[in-house]
Amino acid sequence: MIELKKNDVGDCMSRCEHCESNKTRHVLSISKDNSLHLCSDCYNELMAQELGVDVELMIDSFSLKDYEGTSRTFYVEKRLGPMGIFLEANENKEYGYRFAVHGELNCDQQELLNKLIAKARRGTRKQYVKEGVFPSGQRYNTLATNQIIGLLECDKASDRIPLVIIDGKPFTWDQLGKMLMSYEGFQIKIEIFDETDDVE
Ligand SMILES: [Zn+2]
């Protein structure tokens, strides 16, 4: 019996031990000192066998238009586990948009994908940061409304304070702070949500 333990190995460059072609994304522990380094496809295949679930074929990318009509392309990643099916759409650039949904193991996977695409459509439809120009010609960022929905991402350059991804673009906390200067005296609420939650 394979122990269903998953460790994310991040940016590991080694090759999958099963298909020997794709990059390793997961480590599957078979016994105490025996583990398999697998790509996402092989990991999901093994996991599907173990859990008695069929992995439905689905598109691996999709594109949609954002709030200003710019086309955004997302890669879909699927992860099967004892807790269910996790789908993630990552924009094809560093620090871009990212959306995720979670479904039960026996859920309709096509429907789950539709849910992911709908979430990406909703999440890219609204602009939160807009650019203004001072009379001097100098450009500045400001809030488009009184709300910001974004993502917290590891800043690979500083590896300390996370970046805030808004409108599919990275901002530092300093840049965010500058955008809030015109709101001095107002209240602010910061609330954290799981990646798979719907945030309005
Ligand atoms: Zn593989």
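Student: What should I know before I start?

Tutor: The model is predicted, so local features need pLDDT of at least 70 and side-chain atom pairs count only at pLDDT 80 or more, while totals for chains, interfaces and linings use all residues. Residues are numbered from 1 along each chain as its sequence is written, and side-chain values use heavy atoms, with hydrogens and water left out.

Student: Which protein atoms are the donors of the zinc ion?

Tutor: Donors are N, O and S atoms within 2.8 Å of the metal (3.2 Å for Na, K and Ca); water is not among the atoms, so sites may look incomplete. Here they are the SG atoms of C16, C19, C39 and C42, lying 2.3 Å from the zinc ion. Along the chain their spacing is C-x2-C-x19-C-x2-C.

Student: What is the geometry of the zinc site?

Tutor: Four donors count as tetrahedral if all angles lie between 85 and 135 degrees. The angles among these 4 donor atoms are 104 to 114°, and the site is tetrahedral.

Student: Are C16 and C42 buried or exposed?

Tutor: Buried means under 20% relative accessible area, exposed over 50%, and partly exposed in between (1.4 Å probe, protein chains only). Both C16 and C42 are buried.

Student: How do I read a nonpolar core?

Tutor: It is a set of buried Ala, Val, Leu, Ile, Met, Phe, Trp, Tyr and Cys residues joined through side-chain atoms within 4.5 Å. The largest one has 28 residues. F62, F74, V76, L87, L113 and L116 touch the most other members.

Student: Which element gives the largest share of this core?

Tutor: Helices (H or I, at least four residues) and strands (E, at least two) are DSSP runs, numbered from the N terminus. The largest share, 5 residues, comes from α2, which spans 109-125.

Student: What is L113 in contact with, leaving aside neighbours within four places in sequence?

Tutor: Contact means heavy atoms within 4.5 Å. L113 is in contact with M58, I59, V76 and L87.

Student: How do I read paired strands, say around β11?

Tutor: Two strands pair if DSSP finds at least two bridges between them. Strand β11 (residues 163-166) pairs with β10 (residues 151-153) in the antiparallel sense over 3 bridges. L152 stands opposite V164. Strand β12 (residues 169-171) also runs antiparallel to β11, joined by 3 bridges. There, I166 has K169 as its bridge partner.

Student: Which way do the β11 residues point?

Tutor: L163 and I165 point one way, V164 and I166 the other, and all are buried.

Terms used: Four donors count as tetrahedral if all angles lie between 85 and 135 degrees; four count as square planar and six as octahedral if opposite donors are over 155 degrees apart and all others between 65 and 115; anything else is irregular.
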